[in-house]
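Okay, thanks for making time for this.

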Amino acid sequence: MFQNVLVWTVQNVLFPLAVPVFLLMGVPVAVWLERRGAAFIQDRVGPNRVTLFGFRNAGLLQPIADALKLLVKEDFIPARADKFLYFLAPACAMIPALLTFAVIPFGDTLQLGGHSIRLQVADLNVGLLFIFAVASLGVYGIVLGGWASDNKYTLMGGLRSSAQMISYEISMGLSIIGILILFESIRLNEIVRMQGELLFGFLPCWGIVVQPLGFLLFFVAALAETNRIPFDLPEAEAEIVAGYHLEYSSFKFSMFFMAEYVNMLVASGLMVSLFLGGWQFPGLSTETLISLLSLSWLGVSLAWLGPVLTACFQVGVFVAKIWFMMWLFVWLRWTLPRFRYDQLMALGWRVLLPLALLNLMITAVVFVIMVQWGVH
Amino acid sequence: MGLETAKILRSSDLVTRPVDAIINWCREYSLWPYAFGTACCAIEFMAVAASHYDISRFGAEVIRFSPRQADLLIVSGTISEKMAPVLKKIYDQICDPKWVIAHGACACSGGIYNNYCTVQGIDTLIPVDVYIPGCPPTPEALLDGIIQIQKIVEGESIRDPKYRGD
Amino acid sequence: MTDEIARTLQEKFGDAVTPVDGFRGETSFTVDADRIKAVSRFLAERRDNAFDLLEDICGVDYPDREKRFETVYHLYSLRGKKRIRLRVPLNADHPVLPSVAGIWKAADWFEREAFDQYGIRFQGHPNLRRILNHEAFVGHPLRKDYPITRRHKLAAPTNFGWEEPAEARTGDGEFTVLNIGPAHPTMHGTLRILARLQGETILQAIPEIGYLHRGFEKTAEQLTYQQVIPLTDRLNYVSAMMNNVGYAMAVEKLLDLAIPKRGQYIRVIICELSRIIDHLVCIAANLVDLGALTPYWYCFRDREYVYDLLEALCGARLTTSYTRIGSHAHDLPEGWVERCRQVIRERIPRSIDEVEKLITHNRIFVDRTQGVGGISAQEALNFGFTGPCLRACGIPFDLRAAEPYYDYDKFDFDIPVGNNGDTYDRYLVRMEEMRQSLRIVEQALDGLPEGPHKAADRRVVLPEKERVYTRFGALVGHTKLILDGILPPPGQVYTATEAANGVLGFYIVSDGTKHPYRIKVRPPCFAIYQALARLTEGNMLADLIAIVGSLNIIAGELDR
């Protein structure tokens, strides 16, 4: 009885609370990665002076200092801003970002003494559709923020953003359908589980292997959705001076700031789950891991040790893959210039969209042929 | 949010000391500069932001171009009479708390220009916290100026009149 | 060619045009105010060796003369490699003359400046309003009777009289008015553009300058010739030594003083090093505006090595004040030549190559810059373009080749030329020019002669410190030179050098005293920036950003 309550609490209370907290805690790490990664690429050192009690901590405290400073800054509201929308916009940017992570699995289902704990906040039967539906609400944050600030620069940022995000959402959605066809499911944990199989005996059946074009398209679209260079027009500093968050200060600005990094984390999580095998480590299935990590070969016989350590290992793999994708985001930001507005739209509509459709067609044809031949 | 909380907390010294320590710590290590660069000193500022001197080590790399998000106004270069109202406007737009560095002789006092079109020091327009003399000051001098600002921030308290939100 | 021009002008215009004595070999004519437009048109539209480049228009104030003001035009013929000066005397109570903005578009802003500083009115000018001083300024500061410290405050930023169109205000129209700058990242703190936008397309872009007007010319009139040198550093402050050299050359021409070969080669080396660091800053800033942030750090990293060289040479990184009239502050220190060689062989090529690899063939960059802000060669020349911006249009005009000074004709270097005059070509021209400058420095270091670096003229050059402390004659000479200053003969000269941005000209009028009577700087980017409206209208806002960055507008030089 107690066990049931515990399992229920962990599944339905702990995870929904812990996942957003971990996401938000990931933001300082992402900021640190950005700043130090930039410094590494640019042949310099990066933040390393933030001292606490005499220790420098390699600048890991820098983002903490940034966030706390923003908290105690003056909270400014433009005189003629639409106050309700002005307040709503940062929340509109942050909350969808946090919500979308709910359906991303970060480990295989944990089987402990007859109870099963899903390492996923919510196992919706609409899976991916939920992500697209909620993520598209994130646009509102930027658009409302840009409009409500009563400033021409922010308005331009908001307009650019709305056009950009709508254009790239289509390609983003279409590029996934290939995956859906091949894995015959829309639920993310099933997709991840199926990526554990091996093709031709040695190649892991990851999304990127069976859908390389889809991965590329999705990656480009994800860059656009998260407003990262080369698609950072809505906040193109040199052109529209901080764009949509020009008139935001203090905590509301930090919400926008953090929402960008949370979006990056979510996009990375999605890409990892769909294309990079999620929590799968190639060659080590869950059963292998459980038997390995139960340390029975060392003579230990704790029933829960194997599953729990397996879960930790899989979460670790998942997190490592996410941080690899984040590094790609950072790397690209400091390497490429940004697009012009019309070039960006041309790319989204005239290049990505036809390619996504092409990908879809080819995948569908290949799938039908494979089914005919009885191969799967 | 920040300044109202401060009002409540300021009455008790036992509370204010640790609060001051935390707030000052995060402010001094995360000074986001607004580079108001007009002339030669701005080129030296750019050199300080470059990899050889690397202002980002001090947490001050995130040069915000929006006054609302900046803390530290670094005025580099001569301010002409034409530019003076612009400088005042930008200063007013920066959100509290803010600090000002007069970078270079022209910003401190007009420098080698004393004529019909130059302002003889930006402290005739806005309050200045740190003056960095030099024409232009070496990059190390600017870094020292930022460290001086950090020391000033360390010595502040939420009980200071400027933070009372009166 | 001088005689031929004089003859044809006299034939056509008779008494309206009078040749002036050829001081220091320069060709000048005095022209009557009512005929200046006809003379200009004649000279600009000649079949052979037309004077197609208007280098400068400025005013000079002679309060003792009957005709108080003088408007001075400097024209250059690219094909004939000839420069002439036209001087138009004007009455104090009616300083009006026709504008030549219809003949050379370059005249636009130069005439506005003459109006602003002297009150000379140009009939037919499209937009005769103040350019360097602010709207609330009263008086004309460069007049001799204007006290230098009389200031006028400006209460609030203005739209310099430009009225927002009625449609934009009511919101019924389709366009917005956007104020860009001067506190804007791309505007580098001192440029301001008022743009009328339809969505993202620019319908009209009006630049405003003068935010860094620091009164160089008026201040120079109060100082001695030698004291002006630190002021010249602050003109184009990213390549300060080139200004030092340009000014020293002008005063030396006034004095008819030649510096020895070693001094000349030193000046060539430092000019080319300054050209390299100027181009590095331009490219870095331009790329930052386009979103490619990393090359900024690569460019500045290697700039530091050049700064180390300059610091070893004269003690300062940026405001070098290295040249003196007829001499230099110091000779090259020991080991400097080897260090310089190391920098130009290892350090600078490294950053140029890295930026090249990252950017030159990057599809996004090419799309952002190719075809953006293009201008035809003829139009560019008409606007007064010189330097990399003109060479990007296809005209291989470089003063180092056209009017070689300091043995530039003995160095082997190429002049990179573009095709379309667009932003991409300007970038490529600058990249290649840096490589060519490295070649020149290498050759100059190889050919650096031994010997003195200063001219042996005691009336101009300070004696060696050892002699001043040990010999009475040298002490007296030193004292006299410091107290009396350099006393050039009365006359006027104009010299131009190929600075990093283009033709940097110094027009100096001497009245025989130790203070220069008038110094006019011909800034290369002043003429180039005038063309902004022409370059940007019809393009998008993002293109404006790319274009402004590629023109390399340095406010110290633009506004003086």
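Some housekeeping before that. This is a predicted model, where local features need pLDDT of at least 70, side-chain atom pairs count only at pLDDT 80 or more, and totals for chains, interfaces and linings use all residues. Residues are numbered from 1 along each chain as its sequence is written, while chains are lettered from A and ligands numbered from 1 in the order in which they are written.

So, chain C. The C-alpha atoms of chain C fill a box of roughly 85 × 60 × 50 Å along the principal axes.

How much of chain C is buried? Buried residues make up 56% of its 560 residues. By buried I mean 20 or more other C-beta atoms within 10 Å of the residue's own; 12 or fewer is exposed, in between is partly exposed, and C-beta atoms are placed from the backbone. Of the contacts in chain C with a separation of 6 or more, 67% involve residues 24 or more positions apart. A contact is two C-beta atoms, placed from the backbone, within 7 Å.

Chain C is divided into domain 1 (2-123) and domain 2 (229-559), with bounds from an automatic or database domain assignment. Their C-alpha centres lie 28 Å apart. Domain 1 of chain C puts 20 residues into the contact and domain 2 of chain C puts in 23. On the domain 1 side, strand 3 (53-61), strand 4 (69-77) and helix 3 (107-118) of chain C each give two or more residues. Strand 3 of chain C gives the most, with 6 residues. That domain 1 side divides into 10 nonpolar, 1 polar and 9 charged residues. The classes: Ala, Val, Leu, Ile, Met, Phe, Trp, Tyr, Cys and Pro are nonpolar, Asp, Glu, Lys and Arg are charged, and the others, Gly among them, are polar.

Next, the partners. Which elements does chain C use to touch chain B? In that contact, 38 residues of chain C meet 33 residues of chain B. Helix 5 (216-222), helix 9 (294-314) and helix 21 (555-559) of chain C each give two or more residues to it. Helix 9 of chain C has the largest share, 4 residues. The chain C side splits into 18 nonpolar, 12 polar and 8 charged.

15 of its 21 residues are buried, so helix 9 of chain C is largely enclosed by the rest of the structure. Just after it, C:Gly315 takes a positive phi of about 95 degrees.

Chain A also touches chain C: 22 residues of chain A are in contact with 28 residues of chain C. Helix 10 (237-240) and helix 14 (341-372) of chain A each give two or more residues. The chain A side divides into 11 nonpolar, 3 polar and 8 charged.

On to chain B, with 6 helices and 4 strands, in the order α-α-β-α-β-α-β-α-β-α along the sequence. Its average pLDDT is 84, and 87% of the residues score at least 70; pLDDT is the predictor's confidence in each residue, from 0 to 100. Where is chain B's confidence lowest? That's helix 1 (residues 2-9) of chain B, at a mean of 66, whereas strand 4 (residues 130-132) of chain B is highest, at 94. Where pLDDT is low, the predicted coordinates should not be read in detail.

A cis peptide bond joins B:Asp96 and B:Pro97, with omega about -15 degrees. B:Asp96 lies in the loop between helix 4 (84-93) and strand 3 (99-103) of chain B, and is partly exposed because 17 other C-beta atoms lie within 10 Å. The bond from B:Cys135 to B:Pro136 is cis too, with omega near -10 degrees.

Back in chain C, C:Asn552 has a positive phi of about 55 degrees although it is not a glycine. C:Asn552 sits in the loop between helix 20 (541-551) and helix 21 of chain C, and counts as buried because 28 other C-beta atoms lie within 10 Å. C:Arg560, also not a glycine, has a positive phi of about 45 degrees. C:Arg560 is in the segment after helix 21 of chain C.
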